[in-house]
Amino acid sequence: MAEQRLWAPWRLEYIKGPKPEECIFCAKPALGDDAAAHIVARGENAFVMLNAFPYNNGHVMVSPYAHVPSIEELDDPVLLDLMHLTQRSLGALREAYAPEGFNIGVNQGKIAGAGVEGHVHLHIVPRWGADTNFMPVIASTRVLPQSLEDSYRALAGLLG
């Protein structure tokens, strides 16, 4: 069998690159350039941003603007905005990608898998019956068929 290679050069930046000292959920909305920050929607108290290192295409994160580590610290207007943006994101993801399901979750604390512990956020990961294959299991490699920029264009048009 011929050897095949799958190139994912953007992953090396994540693996070897410096980890940002600032909170991405505070810094990205402050940039003022939603396309560069991959922010696909904004609400009064929260926003939706593409995950730069996604599990699947369309993997978004819904975050409050407030820098707090736990959902318990959010007041009702922020929680409502967070859930409205989650609901809108599900609709946009259904239209853009036609997933068969979603993983929706919050990782609070490092032990729970939070990559950014100090700023609570929800993950929404579209899922399909055929999206699990041997690559992540055998080769520790995830195959993503769409670039982050194309994902941004697809979702920003539907959520904006």
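Reader: Why is Pro-64 counted as buried?

Author: In this predicted model, Pro-64 has a relative accessibility of 0%, and since buried means under 20% relative accessible area, Pro-64 counts as buried. Pro-64 has its place in strand 3, and, leaving aside residues up to four places away in sequence, Pro-64 touches Asn-45, Ala-46, Phe-47, Leu-74, Val-78, Leu-82, His-119 and Val-120. Between Pro-64 and Gly-43 there are 9.0 Å in space, C-alpha to C-alpha, with the two residues 21 apart in sequence.

Reader: What makes Ser-89 a buried residue, and which residues does Ser-89 touch?

Author: The relative accessible area of Ser-89 is 1%, and the limit for buried is under 20%, so Ser-89 is buried. Ser-89 lies in helix 4, where its contacts, not counting residues up to four places away in sequence, are Val-48, Val-60, Val-62, Ile-124 and Leu-159.

Reader: How do you know that there are zero disulfides in the structure?

Author: A search of the whole structure finds zero disulfides. The sulfur of Cys-23 has its closest cysteine sulfur in Cys-26, at 3.9 Å, and because a disulfide requires two cysteine sulfur atoms within 2.5 Å, that distance is too far for a bond. Seen from the other partner, Cys-26 is in no disulfide either, with the sulfur of Cys-23 as the nearest cysteine sulfur, 3.9 Å away.

Reader: Are these two cysteines, Cys-23 and Cys-26, buried or partly exposed?

Author: Cys-23 has a relative accessible area of 14%, and is therefore buried, the limit being under 20%. Cys-26, at 32% relative accessibility, counts as partly exposed, because partly exposed is the range between buried, under 20%, and exposed, over 50%.

Reader: What is remarked about phi in His-38 and in Ala-98, and where are these residues found?

Author: His-38 has a positive phi of about 60° although His-38 is not a glycine, and the residue is found in the loop between helix 3 and strand 1. Ala-98, likewise a residue other than glycine, has a positive phi near 50°, and Ala-98 is found in the loop between helix 4 and strand 4 (101–106).

Reader: Why is His-38 called buried, and why is Ala-98 called exposed?

Author: His-38 has a relative accessible area of 16%, and because buried means under 20%, His-38 is buried. Ala-98 reaches 53% relative accessibility, and because exposed means over 50%, Ala-98 counts as exposed.

Reader: How do you know that the buried residues of helix 6 line one face of the helix?

Author: The buried residues in helix 6 are Leu-148, Ser-151, Tyr-152, Leu-155, Ala-156 and Leu-159. Seen down the axis of helix 6, these buried residues fall within an arc of 120°, so they line one face of the helix. On the other side of helix 6, Arg-153 and Gly-157 are exposed. The buried residues of the helix pack against helix 3 (34–37), strand 1 (39–42), strand 2 (46–50), strand 3 (60–64) and helix 4 (76–97).

Reader: Which residues touch the most other members of the largest nonpolar core, and which elements supply the core?

Author: In the largest nonpolar core, which holds 25 residues, Val-40, Val-48 and Leu-155 touch the most other members. At least two residues of this core come from each of strand 1, strand 2, strand 3, helix 4, strand 5 (122–127) and helix 6, and helix 4 gives the largest share, seven residues. There is also a second, separate core of seven residues, which includes Cys-23, Phe-25, Phe-47 and Met-49.

Reader: What does Leu-155 touch?

Author: Not counting residues up to four places away in sequence, Leu-155 touches Val-40, Leu-50, Gly-58, Val-60, Ala-92, Leu-93, Ala-96, Tyr-97 and Gly-160.

Reader: How many helices and strands does the protein have, and what share of its residues is buried?

Author: The protein has six helices and five strands, which run α-α-α-β-β-β-α-β-β-α-α from the N terminus on. Buried residues make up 37% of its 160 residues.

Note on methods
Residues are numbered from 1 along each chain as its sequence is written. This is a predicted model: local features need pLDDT of at least 70, side-chain atom pairs count only at pLDDT 80 or more; totals for chains, interfaces and linings use all residues. Side-chain values use heavy atoms; hydrogens and water are left out. Buried means under 20% relative accessible area, exposed over 50%, partly exposed in between (1.4 Å probe, protein chains only). Helices (H or I, at least four residues) and strands (E, at least two) are DSSP runs, numbered from the N terminus. The arc is that of the directions from the helix axis to the C-beta atoms. Contact means heavy atoms within 4.5 Å. A nonpolar core is a set of buried Ala, Val, Leu, Ile, Met, Phe, Trp, Tyr and Cys residues joined through side-chain atoms within 4.5 Å.
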